Structure formats: structure tokens, C-alpha cells
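Please read the following explanation alongside the sequence and the model. It goes through surface, sheet, helices and loops in turn.

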Amino acid sequence: MGALNIFESSLRRGKFDESRKLPDGSLMEITKVYPLDAVFDDMESVPEDIKTNKRYSGSSKWTVQEVVECVKQDFGSIDILVHSLANGPEVSKPLLETSRNGYLAAISASSYSFISLLSHFVPIMNPGGASISLTYIASEKIIPGYGGGMSSAKAALESDTRVLAFEAGRKHKIRVNTISAGPLRSRAAKAIGFIDMMIDYSSANAPLQKELSAEEVGNAAAFLASPLASAITGAVVYVDNGLNAMGVGVDSPIFENLDIPKAAN
């Protein structure tokens with residue numbers, strides 16, 4: 001698969017070394033990388049034109065069911081499942097102009113994929129394990145430009161998090177949470193096209209006037225996946241410098257005569 005080849009090539013060239021660095025200076029080892037297209041649960045559900053697409057040439061066992069079987073064969077069981085994927089083919093379109101296929105594709109790739117992954121992985125997850133996904137505040141607030149059904153997909157993801165927390169908790173003693181991260185200059189965010197403006201907006205209006213880092217989001221994920229969060233499940237955890245708490249943008253000219261606290265230089 002093309003994306004897998006890009007990832008493995010970047011890994012070999014050391015492009016991820018900085019983010020893999022551990023406190024003692026060594027690099028976190030990545031034991032194995034599996035190809036995965038989380039839109040497909042099993043090979044029977046894959047259309048013939050997808051199976052023969054050159055994008056998948058040279059790869060095998062890339063559906064959700066097949067990847068779980070490979071992980072079980074290689075490792076037996078797991079403790080942590082992280083869902084960090086989304087795709088909206090019409091994300092640049094307003095919702096009123098989004099097609100049915102575009103909307104359903106966003107839901108399938110960005111929210112149902114979490115249900116599928118968890119339902120397939122949960123039989124090999126150890127009791128007390130944790131599952132985490134990534135959401136966005138567009139699930140509950142209007143973010144112009146974040147279209148194509150992606151806001152609906154994130155709302156579904158958050159609702160599913162609560163239901164899955166109940167079901168996976170009762171049946172398997174697995175915790176399920178999601179992180180609502182603020183704007184980051186990630187590769188995925190850059191594809192939307194206005195991430196720099198969102199970062200500037202956050203810096204101007206959030207209680208903590210600083211740029212959010214990927215490490216801060218990772219720290220929250222590490223906490224939620226650890227025994228330190230053993231009583232936390234079904235939660236949307238905001239990691240956004242407090243932007244979610246704001247009701248208005250304080251950089252508006254309307255507030256120019258108010259004494260708005262600002263970060264010290």
C-alpha cells in the first residue's frame with residue numbers, strides 16, 4: 001500500500017526519530033507495522049475494483065479482521081488500542097453541498113472504523129485495557145470550512161465513545177475515551193487548508209496563549225492508556241489550551257475597549 005511504503009521509508013530515513021525519542025535518549029522501537037484499510041472489515045466486503053487497485057499491490061491481509069488475526073498470531077493479546085484516523089473526501093465542501101456518498105464515506109472512515117476496530121480487537125485485549133480515539137470540537141461547535149460530513153462524523157465518534165465505554169466496560173473491562181485536541185500542524189490538518197488560521201485563532205482566544213504541541217496530546221493519551229486513569233471511561237478529554245471553554249472570541253473588535261488579560265511577554 002502506498003501510504004505504508006511512505007511511512008516505512010520515512011521511518012528508515014529517521015524522519016520520526018525526534019518523536020520516538022525516550023527520556024533516556026534512546027528511540028522507541030517499532031516492532032512491526034501492519035498495512036490496514038479500516039474502511040473494510042473483511043476481504044468479503046472489499047469490491048473487486050479495490051482488490052485489483054494498484055494501491056494495494058504488494059500488500060496482503062489489510063482488512064480489519066485480517067490485521068487482528070495477524071496481531072493475535074504475533075503477540076497473542078494487547079493492552080492498548082489507539083484509533084487515530086479520519087478521512088472525509090469532501091471535507092472542503094459545505095454540508096449543504098456534500099453528497100450522500102461523501103457524507104457516508106466520512107462516517108465510515110472516521111467513526112464507524114473505531115467501532116469495527118474495537119469490536120474485532122476486544123476479544124484479544126487484556127481486562128483493564130484501554131482504547132483511545134481522537135475527536136475535534138467541530139463535533140459540538142460550528143467550524144466553517146470543516147465540512148463534508150466530518151463534523152457529523154466526530155459527533156458520532158463521541159456518542160459512540162460513550163456507548164462503547166458502557167458495552168466494552170461491562171463485557172470486557174475495557175475503558176474507552178476520546179481526546180478532543182486543539183489545532184495542530186499535523187499532516188492531516190494541513191490537508192484541510194486553514195490550519196494556520198485556526199492556530200492563530202486559538203493562540204489569541206484560548207485561556208492558555210501558546211501553541212499546542214503534539215507531545216501534549218501524546219501525554220494525555222499516555223495518561224488515559226495507563227493505570228493512572230483506571231476509573232476514567234466514556235470521557236471526551238479536551239487538550240486544547242482551554243479553547244473549548246470560551247463562549248466568544250476575545251480578539252473581536254467588539255471587545256477592544258475591555259481590559260482582556262493577555263499572556264506576559
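Met28 counts as partly exposed, because its relative accessibility of 41% falls between the limits of 20% for buried and 50% for exposed. This is a predicted model, and the accessibility value is computed from it. Met28 sits in the loop that runs between helix 2 (17–20) and helix 3 (48–51). Together with Phe7, Leu22 and Ile30, Met28 makes a nonpolar surface patch of about 300 Å².

Ala130 has Arg175 of strand 3 as its bridge partner, and Ile132 stands opposite Asn177 in strand 3.

Strand 3 itself is mostly covered, with 7 of its 7 residues buried. Arg175, Asn177, Ile179 and Ala181 point one way from the strand, while Val176, Thr178 and Ser180 point the other way. Residues on both sides of strand 3 are buried, since each of those named has under 20% relative accessible area. Arg175 and Asn177, the residues that face Ala130 and Ile132, belong to the group pointing one way.

At 61% relative accessibility, Lys173 counts as exposed, because the value is over 50%. Lys173 also has a positive phi of about 60 degrees although it is not a glycine. Most residues other than glycine have a negative phi. Lys61 is another residue with a positive phi, about 55 degrees, and it is likewise not a glycine. Lys61 is found in the loop between helix 3 and helix 4 (64–75). With a relative accessible area of 46%, Lys61 is partly exposed.

In helix 8 (residues 195–205), the buried residues include Ile195, Met198, Ile199, Ser202 and Asn205. Viewed down the axis of helix 8, the buried residues fall within an arc of 145 degrees, so they line one face of the helix. Helix 6 (residues 150–172) contains Ser159, which is partly exposed with a relative accessible area of 34%. Ser159 and Ser139 are 20 residues apart along the chain, and their C-alpha atoms are separated by 9.8 Å.

Leu85 is partly exposed, its relative accessible area being 30%. Between the C-alpha atoms of Leu85 and Ala245, which are 160 residues apart along the chain, the separation is 25 Å.

Notes. Residues are numbered from 1 along each chain as its sequence is written. This is a predicted model: local features need pLDDT of at least 70, side-chain atom pairs count only at pLDDT 80 or more; totals for chains, interfaces and linings use all residues. Side-chain values use heavy atoms; hydrogens and water are left out. Patches are made of residues with over 30% relative accessible area and no salt bridge: like charges are joined within 9 Å, nonpolar side chains (Val, Leu, Ile, Met, Phe, Trp, Tyr) within 5 Å. Accessible areas come from the Shrake-Rupley method with a 1.4 Å probe; for residues, only the protein chains shown count as cover. A salt bridge is a side-chain nitrogen of Lys or Arg within 4 Å of a carboxyl oxygen of Asp or Glu. Helices (H or I, at least four residues) and strands (E, at least two) are DSSP runs, numbered from the N terminus. Buried means under 20% relative accessible area, exposed over 50%, partly exposed in between (1.4 Å probe, protein chains only). The arc is that of the directions from the helix axis to the C-beta atoms. Two strands pair if DSSP finds at least two bridges between them.
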